[in-house]
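Student: I'd like to learn how to read a ligand site from coordinates. Could you walk me through one?

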Amino acid sequence: MSTGAGFRGSKHCWMNGQLMETKDALVSPMESIHLGIFEGIKAYVEGDILKEGKLNIIGWKQHIDRLWRSAAVDGLNIAYTKDEMLKAVRETIKANKFKKNVYIQPRLWPKVDKPEESHVVVPTWGFDTVLGKDNPKFSQERRFMVSSWRRVSSDALPPQAKSWANYANSNLAAREAKRCGYDSAIFLDSRGFVSEGTGACLMTVRGGKVITPPVSASILESVTRNFFIEFIPDLGIPVEVRDLTRVELYASDEAFLCGTGGECTPITSVDNIKLGEEYPGPMTSKIAAYYSDILAGKVAKYRHWLTPV
Ligand code: PMP
């Protein structure tokens, strides 16, 4: 089974201890990939990539610690240390000679014939950010629906472990949204409170405050959400972590998703109810601009969130 050679510049990847061409990273179709876990991590360009070639990983420690936690929950053994994983990521990015921001997705799954051992693969590929002043991707319309599917609950399939299995739940909601003419979906949890998006956490703005559901609302314990909770008060905006009802979401002045993939993504409407007067909302734009500066290494206070490649 080939892993998509050359996908978005991903000519090389790292597999089970070795750097190799992606086209040579072959596994048997009998492998238990569906029992796997993964991480989604990003590295951002600092300065002029062509002159300095500098990339920094955001939240390396937080992401790799979560990978280890997911492995512990799902009973997977990792034959490498966290430092060896960082070395693997650095080697793979360097081999691909990226001239842009890079997405890194370490994947692990139990070996089919030796489940006490895991396959470990590190694919990386280039991506375009939605952030940055006047980026049309940031301000594009995004119409959401509240999914008729509930988020997988902690007592069935724990959302706090980043396992592929949880994304079958996300896939149902995302496909339902497309079928109904929306761009994406927001889940409620099994109690009926607002949970998260299909691949990102949710934050709303109401009365000058940011409100985001707690981990107990069946969300992935998002690295980005934790960063946002920490840095948003720097902008003079208080953050409340508490359960949020569907009607409170409808009555928000602004709402946005936050996550490694989505970065900071404004939401135009939910169930065809337009949120607030202005789109993207002023608070969302302010938060996104500050986050963009943090990612570019311009905010000294949060430089420790960045790890050089
Ligand atoms: N929730 C879900 C379901 C996700 O897939 C993601 C993306 N990993 C997030 C939240 C955001 O998590 P993070 O900020 O750690 O990327």
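Tutor: Gladly! Let's start with polar contacts: a polar contact is a pair of N or O atoms within 3.5 Å; within protein, one must be able to donate a hydrogen and the other to accept it, and residues adjacent in sequence count only if both atoms are side-chain atoms. Here, an N or O atom in the side chain of Thr260 is 2.5 Å from an oxygen atom of the ligand. For Ser222, a side-chain N or O atom is 2.6 Å from a ligand oxygen, while Val223 uses a backbone N or O atom, 2.8 Å from an oxygen atom of the ligand.

Student: What should I keep in mind about the model itself?

Tutor: This is a predicted model, where local features need pLDDT of at least 70 and side-chain atom pairs count only at pLDDT 80 or more, whereas totals for chains, interfaces and linings use all residues. Residues are numbered from 1 along each chain as its sequence is written, and side-chain values use heavy atoms, with hydrogens and water left out.

Student: Which residues come nearest to the ligand?

Tutor: A residue is near a molecule if one of its heavy atoms lies within 4 Å of it. There are 16 residues around the ligand, and Tyr167, Glu196, Ser222, Thr224 and Thr260 come nearest.

Student: Which helices supply at least two residues each to the shell around the ligand?

Tutor: Helices are DSSP runs (H or I, at least four residues) and strands are too (E, at least two), numbered from the N terminus. The helices in question are α2 (60-74) and α6 (223-231). Ser222 also caps the N-terminal end of α6, with a side-chain oxygen 3.2 Å from the backbone nitrogen of Thr224.

Student: Is Lys42 buried or exposed?

Tutor: Buried means under 20% relative accessible area, exposed over 50%, and partly exposed in between (1.4 Å probe, protein chains only). Lys42 is buried, at 4%. This lysine belongs to strand β4 (residues 41-46), and the side chain of Lys42 reaches the backbone oxygen of Thr260 at 2.8 Å. In α6, the buried residues include Val223, Thr224 and Arg225.
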